[in-house]
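Dear colleague,

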Amino acid sequence: MIKIAIVGTGGMAHMHARNYQKLKGVKLVAGCDVNPENVKNFCKKFGIKGIYTDINEMLSKEEIDGVSNATPDQYHKETSIAVMKKGIHILCEKPLALNYKDAKKMVDVAKQKKVINMVNLSYRDSFAIHKAQELFQNGTIGKLKHFNASYLQSWLVSNQWGDWRTADTWLWRLSKDHGSNGVLGDVGVHIIDFLTFPAGNIKSLHCQLKTFDKAKNNKIKKYKLDANDSCIISAELQNGAVGTITATRFATGHINDVSVVLYGDKGAIKVDLANSYNTIQVCLGKDINPGNWKTIKCKKTPSNYQRFINSIKTGKNDQPNFQTAAVVQKAIDACFVSDKQNKTIKV
């Protein structure tokens, strides 16, 4: 039986708990949160016996094989390192850290302690992106020339997920003082990984960030609304391909749409999760001249939670690991420098 603890019991923790409870041979044994009421309610909901408000107490008292770290972004480093120093395997929410320096420290500790380390870049749970990666790596579309990747949300102009003006769940994501790196740090992490997983890492980039006026004096309650709302990145990959990466919370009509298109000299691949997690579209061979796209059904692939548990069982670290997430964070850091200096930055 693989024994799992969850640290941080906010919204994402519920997703973690539900996924673990679907897996055979896995037991949730403890929950930890600095908010006593939150952790008590969380543990009651999921039938978890160990209830803690101090991570060190939990780590010293419980027999734990792995920890899911669902704390707010600014606490990922200290909590993850505390777990790893106990020799316990860890699945951390994205982003791995608030900057590359901290992410690199986490990578180093993971290597020193020889623990399984993974990051919940959740769109890797789609079957489609794994098929796209397979086709691209097999040379199906030839040499990559161009790409477009986008992550479009609309929660700043719609109430699909509730009223952001009144909910702390959303307001903290708009405030630097509360640990947010804006849309770039939040969903930009996802879309950069969604591109680079199949297509390869970024060589250089130029980024523009924009923070829009959203309230009187751009402040609601204790939250100063100063984190970026939209980003536009022009980038060159290490393989020489060029293209754009965009992310925004102002995309009216797009609730939570993630897509990437890869254009090679022998064909193209399109992944659009708004349409399907389980299919991709391709333009290949005889379909190139008329510009026709065909749909391909993708085989099932394990979720990040399954990969994490399997890694604990086998001792072989699956992807995405801390090193992969650190490389993404390095690109994020370069975006902030590029925006500030208004120039292209090598990653």
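Six strands form an open sheet in the order β3-β2-β1-β4-β5-β6, and their pairing is parallel; strands here are DSSP runs of E with at least two residues, while helices are runs of H or I with at least four residues, both numbered from the N terminus, and two strands pair if DSSP finds at least two bridges between them. At the edges stand β3 (50–52) and β6 (117–120), and because each has a single partner strand, one side of each is left without a neighbour in the sheet. On average, neighbouring strands of this sheet are turned by 20 degrees against each other, direction ignored. Helix α1 (residues 11–21) packs on the sheet, where it touches β1, β2 (26–32), β4, β5 (89–93) and β6, a contact being heavy atoms within 4.5 Å. The direction of α1 makes about 170 degrees with that of β1, with axes fitted as lines to C-alpha atoms, for helices over the stretch in contact, and angles running from 0 to 180 degrees between N-to-C directions. Strand β1 (residues 2–7) pairs with β4 (residues 66–69) in the parallel sense over four bridges, and Val7 stands opposite Asn69 in β4.

Please keep in mind that this is a predicted model, in which local features need pLDDT of at least 70 and side-chain atom pairs count only at pLDDT 80 or more, whereas totals for chains, interfaces and linings use all residues. Residues are numbered from 1 along each chain as its sequence is written, and side-chain values use heavy atoms, with hydrogens and water left out.

For the chain as a whole, the secondary structure comes to eleven helices and 17 strands. Of its 347 residues, 53% count as buried, where buried means under 20% relative accessible area, exposed means over 50%, and partly exposed lies in between (1.4 Å probe, protein chains only).

Turning to the aromatic rings, a search of the whole structure finds six aromatic pairs; rings of Phe, Tyr and Trp (its six-membered ring) pair if their centres lie within 6.5 Å, and planes under 30 degrees apart count as stacked, over 60 as edge-to-face and the rest as tilted. One of these pairs is Trp161 with Trp170, which is stacked at 5.5 Å centre to centre with 15 degrees between the planes. Trp161 counts as partly exposed because its relative accessibility is 34%, whereas Trp170, at 15%, is buried. Ring pairs also link Trp155, Trp161 and Trp170 into a cluster.
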